[in-house]
Amino acid sequence: MGLMDEYNEAKEWVETSLDLNSNGEASLFEVNIRYVGGLLSAYYLTGEEMFKRKVMVLGEKLLPAFNTPTGIPRGVINLGSGTSWSWGWASAGSSILAEFGTLHLEFVHLSELSNNGIYTEKVMNIRKLLNKIEKPHGLYPNFLSPVSGNWVQHHVSIGGLGDSFYEYLIKSYLMSDKTDEEAKKMYYSALEAIEANLVQKSPGGLTYMAEWRGGILDHKMGHLACFSGGMVVIGADDGAPEKRQHYLDLAAEITHTCHESYSRSATKLGPEAFRFDSGAEATATRLSDRYYILRPEVIESYMYMWRLTHDPKYREWGWEAVEALEQHCRVEAGFSGIRDVYAQTVSHDNMQQSFFLSETLKYLYLLFSDDDLLPLEDWVFNTEAHPLPVVRKSCQQGEGGIHDKTTSE
């Protein structure tokens with residue numbers, strides 16, 4: 001963006017103040033998508049060796065989480081001591097699909113940069129186990145025991161707990177320069193199961209993805225699940241040719257539904273979760289679902305839909321979101337989430353989540369930029385919107401630097 005002063009200040013902070021030995025609980029998943037992803041991107045975008053050194057140290061610190069009977073990592077790690085454990089709230093000490101399923105992109109790059117296959121091996125091992133076990137109706141439940149390697153509950157969601165696992169399947173395929181056939185196969189069969197079991201149409205004609213609890217559908221969609229419009233559209237070209245138009249339509253319908261969740265609120269910002277039952281459509285019926293914490297997923301789908309269809313409505317919808325953010329979320333020190341998107345007078349929660357800068361604003365910036373800024377054929381965004389270069393094996397030569405192997409120019 002040309003913000004060189006801010007970049008230099010941040011670079012100096014990373015060099016001198018980023019403590020990778022902190023004793024305390026850290027989420028393996030969050031550290032991976034935010035810190036590992038952020039440092040990798042910073043390295044690929046600038047070529048600055050310090051970012052590479054930092055990310056190599058950090059990558060190694062995550063490995064102890066994988067020391068389980070199945071190789072499925074535990075969710076929490078102490079970076080200082082290397083001990084890891086499962087989240088207290090996760091049923092029966094299980095690991096969470098979205099967490100252990102959202103490591104692949106970053107770990108492949110850790111292996112690329114370190115010339116050490118251990119990282120790729122760890123994530124391929126997760127995939128091997130997932131391929132081996134029985135999936136109810138072809139679906140992937142959200143909880144898996146890292147000890148037995150069995151599903152713990154039959155709760156399936158494209159929103160929280162499940163979401164980015166699916167996104168990383170299609171993105172692994174795209175990031176591999178379309179050579180990772182296994183990821184491709186897993187993605188399209190998962191999508192087929194999702195369409196067969198979760199995709200619904202409301203009486204008012206809105207397409208949404210319900211949640212599945214042991215065979216019973218819960219007709220709600222979380223804001224987090226709104227990334228799926230973008231996911232379906234980036235995979236539209238590589239599935240069966242006769243399904244291409246179907247996927248483009250499905251992506252457009254889901255993105256439209258998510259836009260409706262914004263346009264049906266007083267603030268024109270969408271709630272954390274919205275329902276499709278007892279007459280309600282694309283609106284939050286529970287008080288506890290009415291908040292908006294500056295989440296990016298709806299805007300993320302606008303950006304991908306714009307890049308792949310160039311339908312001007314996606315930029316119009318993005319601009320509506322910009323105006324709503326300015327009007328309702330801008331405060332003296334930055335931007336704040338709001339407690340109720342349906343209230344005429346907003347109440348701020350006084351928090352600016354880090355994903356607001358990393359994702360929400362970045363996707364808005366890209367939505368209004370030319371397609372050749374981080375072109376989708378050369379870059380894949382991790383789930384925290386950190387761009388990672390496509391790994392092109394064809395031009396790999398000996399000990400040449402990473403720039404021989406990946407397109408990041």
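Modeller: Helices are DSSP runs of H or I with at least four residues, strands are runs of E with at least two, and both are numbered from the N terminus. The expected span of a helix is 1.5 Å times one less than its number of residues. This is a predicted model, where local features need pLDDT of at least 70. Residues are numbered from 1 along each chain.

Colleague: How many residues has α11, and what does it reach from first C-alpha to last?

Modeller: Helix α11 (residues 297-309) has 13 residues and reaches 18 Å, close to the 18 Å expected. Just after α11, His310 takes a positive phi of about 55°.

Colleague: Is α11 mostly covered or mostly open?

Modeller: Buried means under 20% relative accessible area, with a 1.4 Å probe and protein chains only. In α11, 11 of the 13 residues are buried, so defined. Among them are Tyr302, Met303 and Trp306. The buried residues pack against several elements, including α10 (244-263) and α12 (313-329).

Colleague: How many cavities of 30 Å³ or more does the structure hold?

Modeller: A cavity is a set of points on a 1 Å grid where a 1.4 Å probe fits but cannot get out, and lining residues have an atom within 4 Å of a point. A volume is the space filled by probe spheres set on the points. The structure holds 2 such cavities. The largest has a volume of about 130 Å³ and is lined by 13 residues. Gly101, His104, Val123, Arg127 and Phe165 lie nearest its centre. The second largest cavity has a volume of about 40 Å³, and its lining includes Leu28 and Phe100.

Key: Predicted model: local features only at pLDDT ≥ 70, side-chain atom pairs only at ≥ 80, totals over all residues. Heavy atoms only, no water. Buried < 20%, exposed > 50% of the residue type's maximum accessible area, 1.4 Å probe, protein only. Contact = heavy atoms within 4.5 Å. 1 Å grid on protein atoms, 1.4 Å probe; cavity = no way out; pocket = protein on both sides within 12 Å on 5 of 7 lines; lining within 4 Å.
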